[in-house]
Every structure is written in structure tokens, then in C-alpha cells.
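Hello,

Here is the structure I said I would pass on. Please open it first, then read my notes below.

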Amino acid sequence: VQIRQHLQAMGFQLSWAAIGYDKLGNLNGAEVKALQLQLAAMGERLAGILLLDAGYSRAQPLWEICTDATDQPVVWFHTSPIPDSEMPELPENAHVIEPDWTALGGILGHFLVNNYTPQKIVLLPAPGEKGLPPQIWELREVLLKTWGPRWVCTLEWFDVFPEGLPKDPARSFAGKLRRLLLDTGLTRFELDRYFRAARSLDAAIWICADDLLALAALDHFDAQCSPNQPRPGVMGFGNHPFSLARGLCTVDPSWPTFVEKAIELFSGYGRCSKVPTYRVITAPSNSVYGGNILARSEDEF
């Protein structure tokens with residue numbers, strides 16, 4: 001929305017193409033053709049393409065269709081880190097905009113250390129990931145150096161699913177949850193199974209790899225726990241719009257700064273770019289413990 005408003009104020013005429021994936025992970029052929037015809041009709045008037053979903057791991061990646069159709073910039077945002085192994089080789093006109101995820105983890109780690117006494121924290125990577133994403137890794141390093149290993153634990157997905165995870169997310173019944181579950185094909189039952197394992201660790205704070213997983217954790221508590229049952233605090237990364245609506249405690253990656261970068265790519269005009277200012281947005285996240293970051297202090301254990 002911000003990109004649209006800025007470009008319109010600069011005199012650009014914008015167009016919208018409704019194109020997306022069905023529950024089997026396929027694009028509608030008619031929609032693909034309509035997009036290609038629309039791009040061809042624009043000709044030199046086309047300044048670029050902004051994608052809401054790049055279509056990673058799909059039989060028809062949307063980023064590939066768009067970069068093949070134009071030499072103008074094709075831009076999309078990463079609202080959670082993508083492992084290097086899953087990133088395809090991109091052409092020169094493809095631009096991925098994302099924050100420094102390692103810095104986000106450091107910001108949250110120092111925030112916890114400077115404002116709160118040690119308390120048990122469980123780190124939850126994104127569904128199906130082996131190892132920790134950069135923001136969780138950096139957070140863990142900060143907490144281990146200051147609070148020590150007594151207070152920090154990690155729940156790997158393969159600790160809960162030793163038999164392995166579904167291999168074909170595009171054909172899973174939960175395909176519509178693809179973005180939330182990061183292409184694992186997990187069903188709601190399997191996601192709840194993971195959260196039940198996390199609850200057994202009796203941690204005061206859950207720190208999730210991104211806001212989407214954190215919001216899923218809040219949904220789990222709402223569905224599986226009584227209103228008066230003690231809950232851990234939940235935190236995420238990314239400051240997703242739904243996070244604001246749910247009151248989720250999250251780390252803001254300064255998205256307006258990256259919006260400016262996208263506008264510069266489309267318009268060709270340099271803007272007064274700012275250095276990203278990462279900050280922790282404190283919120284109750286429906287925790288019965290209260291407080292800004294949702295958890296009990298050491299004295300309350």
C-alpha cells in the first residue's frame with residue numbers, strides 16, 4: 001500500500017494483476033496468459049513488477065514468469081529468512097528486499113538481557129527447518145553468553161517428527177496454509193503436536209522464527225487451553241500487519257526503509273534513504289503473566 005501511494009504521488013500509473021496459486025500449487029493458465037498480455041501491452045510504460053508471492057518451490061515460479069516477461073525490475077519482500085539452499089539463481093532484474101535478520105536477533109537478545117531477569121526461553125525455528133535461522137541463532141548466542149545455557153533451549157522440528165515431514169506440500173490438504181507453514185505440508189493437527197511438545201518444556205517465553213509461527217502459537221493456545229490456564233509469552237520477528245491486530249510482541253525490521261528501496265528501483269529516482277532502525281514492539285500477546293514481554297520475572301517462578 002505504501003509503495004502504491006508513493007508511486008501514484010510521483011505520477012506513475014499503476015495496474016493490478018490478480019494471479020495466485022490454487023490448493024494444488026498450480027497457477028491458472030488463463031491468469032498467466034492475461035498477465036503476459038497485460039505486460040506486453042504496457043511496453044515501455046512498464047516500470048516494474050511488485051510480487052506478493054515469489055512462488056518458491058512451485059512447478060511454475062511466479063518470479064520466473066515475470067522476469068521472463070520483462071527486463072524491468074521485479075521486486076518482492078522476504079518477511080522471514082529463506083535458507084540459501086532454497087534460493088534459486090535469480091536474473092539481474094530480480095530484486096529481493098529483506099532486513100538484516102542477524103541484526104534483528106541481536107536487537108531482541110540485548111533487549112531481553114537489558115530489561116529482564118533470566119527466565120526459561122524456548123526457541124522455535126520455522127516448520128521443517130533443520131538448524132536455526134539467522135535471527136534465532138544470533139539471539140541464542142546473546143542469551144547463552146549472558147544468561148547461560150540453563151535458561152535457553154531449542155525445540156527442533158525433527159525432535160517432534162523423527163519420522164520426517166510431508167514431502168509434497170503442493171498436494172497436501174493444507175496447501176492453503178503454505179505461507180504460514182513454509183512449504184512443509186503440515187496439517188493443523190501436526191502443528192498442534194509441535195506446540196504441545198513445546199508446552200511440555202515449561203518455558204516462560206516462546207520465541208518463534210517469525211510472526212506467522214508466533215500467531216499460529218497464539219491460535220493454538222486459544223483452541224487448546226482454557227482462558228485461565230497459564231500461558232508462556234510469545235514473541236516473533238517481522239512486525240506483520242496481523243501482529244499489530246493480535247497484540248503480538250515482535251521485532252520491527254523498519255519496513256518503511258525497505259519500501260523506499262523498492263520505490264527507488266521502480267522509479268529510478270534516489271530517495272532520502274534512511275538506515276534501518278530495528279526495534280522491539282512490546283505487547284501483551286494475551287499472556288496471563290502480564291508485562292511487556294509476556295513472561296514472569298525470576299522472582300515469580
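One cut-off first: a residue counts as buried when its relative accessible area is under 20%. Trp255 comes out at 15%, so Trp255 counts as buried. Please keep in mind that this is a predicted model.

**The sheet**

Start with the open sheet. It has 6 strands, in the order β5-β4-β6-β7-β8-β9. The pairing is mixed. The edge strands are β5 (152–154) and β9 (279–281), and each of them pairs on one side only. From one strand to the next, the twist averages 25°.

Strand β4 covers residues 121–124. β4 runs parallel to β6, and 4 bridges join the two. Look for Leu123: its bridge partner in β6 is Ile207.

Strand β6 spans residues 205–208 and is covered on both faces. Ile205 and Ile207 lie on one side, Trp206 and Cys208 on the other, and all are buried. Why do neighbours end up on opposite sides? In a regular strand, side chains alternate between the two faces of the sheet.

β6 also pairs with β7, in the parallel sense, over 3 bridges. Trp206 has Val234 as its bridge partner in β7. Between these two strands the chain passes through helix α9 (residues 211–224). This β-α-β crossover is right-handed.

Strand β7 (residues 233–237) runs parallel to β8 (residues 249–252), with 3 bridges between them. Gly236 has Thr250 as its bridge partner in β8. For Phe237, the partner in β8 is Val251. The link from β7 to β8 goes through helix α10 (residues 241–246), and this β-α-β crossover is right-handed.

**Aromatic rings**

The structure holds 9 aromatic pairs. Two of them are worth a look.

Take Tyr194 and Phe195. Their ring centres are 6.0 Å apart and their planes meet at 50°, so the pair is tilted. Tyr194 is buried, at a relative accessible area of 0%. Phe195 is buried too, with a value of 0%.

Now take Trp255 and Phe258. Their ring centres are 6.0 Å apart and their planes are at 65°, so this pair is edge-to-face. Planes over 60 degrees apart count as edge-to-face. Both residues sit in helix α11 (residues 255–267). Being 3 residues apart there, they are separated by about one helical turn. Phe258 is buried, with a relative accessible area of 2%. Trp255, as noted above, is buried at 15%.

Which residues gather into one aromatic cluster? They are Trp157, Phe161, Tyr194, Phe195, Trp206 and Phe221. Trp206 is one of the buried residues of β6.

**A charge over a ring**

One last item, away from the sheet strands in my notes. The charged end of Arg58 sits over the ring of Tyr21, 4.4 Å from the ring centre.

Best wishes

Technical notes. Residues are numbered from 1 along each chain as its sequence is written. This is a predicted model: local features need pLDDT of at least 70, side-chain atom pairs count only at pLDDT 80 or more; totals for chains, interfaces and linings use all residues. Side-chain values use heavy atoms; hydrogens and water are left out. Two strands pair if DSSP finds at least two bridges between them. Axes are lines fitted to C-alpha atoms, for helices over the stretch in contact, and angles run from 0 to 180 degrees between N-to-C directions. A crossover is right-handed if, with the strands pointing away from the viewer, the path from the first strand over the helix to the second runs clockwise. Buried means under 20% relative accessible area, exposed over 50%, partly exposed in between (1.4 Å probe, protein chains only). Rings of Phe, Tyr and Trp (its six-membered ring) pair if their centres lie within 6.5 Å; planes under 30 degrees apart count as stacked, over 60 as edge-to-face and the rest as tilted. A charge sits over a ring if NZ of Lys or CZ of Arg is within 6 Å of the ring centre and within 35 degrees of the ring normal.
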